[in-house]
Amino acid sequence: NYTPQHHVVADGKIYVTYGDAPRSCVWRYDLINELWEDVSPNDNAPISGISVDNVDNPTWIALSTNGIFWGQSWISGITSWGDDIYRGKISSNGAITWDKRLIGNSLAKYDMSAKFINGEMHWAWDIKIDPFNPNRVFVTAGTGVFTSKKFTEATSLWYHNAQGLEETVTMDVVSKPGGELLYAIGDASGATYSDPTTYGIRFNPHQAVTSSVDYVPTANTLYRVGSERLANGVTSSIM
């Protein structure tokens with residue numbers, strides 16, 4: 001169950017992350033001495049993304065989890081679910097001091113001055129530190145790209161870096177006669193678009209996955225078909 005995900009080479013050593021392991025797992029291989037060493041943060045989530053700030057003289061290391069749904073409450077009053085980030089400080093002798101789970105330990109805050117507010121960082125498969133600025137870090141997620149501009153500070157600051165991009169999986173489209181476009185969307189319920197060039201209005205009540213949508217003009221009625229799992233208090237089927 002130890003499935004290698006990503007690796008990075010720094011200071012003559014290979015760092016490898018593992019998913020599907022029974023705990024957070026990062027191993028380091030010394031290319032000169034031909035030795036393996038477990039340098040994991042010793043938490044309980046599979047690890048995917050990994051990055052270091054400087055391949056010749058690394059000081060900071062970053063990890064992202066993958067495919068977990070821990071609570072994220074870095075936006076006041078909103079609790080979402082998703083992945084987390086680990087930050088490590090590498091000493092001159094190679095020892096790593098980990099800050100476990102930046103979001104879960106309130107060591108990561110969402111930048112409320114960001115133009116687009118979306119705190120759901122899930123499916124975070126990779127993370128990258130800017131090699132010219134260790135405070136600048138990028139995380140890929142199912143909802144787009146998250147960026148930190150204060151990664152090395154005591155409390156890192158993050159925002160969703162996807163303004164002007166709406167990432168969805170469209171399952172079905174219906175045009176109301178003389179009216180809006182109706183979209184069935186995977187994982188995001190679906191939406192009504194009066195103007196396809198702007199953000200739509202999400203269907204309410206929300207469904208987990210809307211696989212098909214139809215509209216009956218004579219009855220002014222919208223029908224939706226979706227998944228059977230419970231989401232947002234709604235068991236989706238036919239609505």
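Visitor: What's the lining of the second largest pocket like, by class?
Guide: The lining has four nonpolar, six polar and four charged residues. Nonpolar here covers Ala, Val, Leu, Ile, Met, Phe, Trp, Tyr, Cys and Pro, charged covers Asp, Glu, Lys and Arg, and the others, Gly among them, count as polar. This is a predicted model, in which local features need pLDDT of at least 70, side-chain atom pairs count only at pLDDT 80 or more, and totals for chains, interfaces and linings use all residues. Residues are numbered from 1 along each chain as its sequence is written, and side-chain values use heavy atoms, with hydrogens and water left out.

Visitor: How much space lies in that second largest pocket?
Guide: About 160 Å³, where a volume is the space filled by probe spheres set on grid points joined across faces, edges and corners. Of the 14 lining residues, Asp11, Pro58, Ile90, Ser91 and Ser92 are the closest to the pocket's centre. A pocket is an open set of points on a 1 Å grid over the protein atoms alone, where a 1.4 Å probe fits, with protein on both sides within 12 Å along at least five of seven lines; lining residues have an atom within 4 Å of a point.

Visitor: New topic. How do β9 and β10 pair?
Guide: In the antiparallel sense, over four bridges. Strands are DSSP runs of E, at least two residues, numbered from the N terminus, and two of them pair if DSSP finds at least two bridges between them. Glycine 88 has tryptophan 98 in β10 as its bridge partner.

Visitor: What's in the turn of that hairpin?
Guide: Five residues lie between the two strands, and glycine 94 in the turn has a positive phi of about 95 degrees.

Visitor: What about asparagine 220, where is its place?
Guide: In the loop between β20 (210-216) and β21 (221-226). Asparagine 220 counts as exposed because its relative accessibility is 56%.

Visitor: Last one: what does glycine 71 touch?
Guide: Ser80 and Trp81, leaving aside residues up to four places away in sequence; contact means heavy atoms within 4.5 Å. Glycine 71 is in strand β7 (residues 70-75).

Conventions:
Buried < 20%, exposed > 50% of the residue type's maximum accessible area, 1.4 Å probe, protein only.
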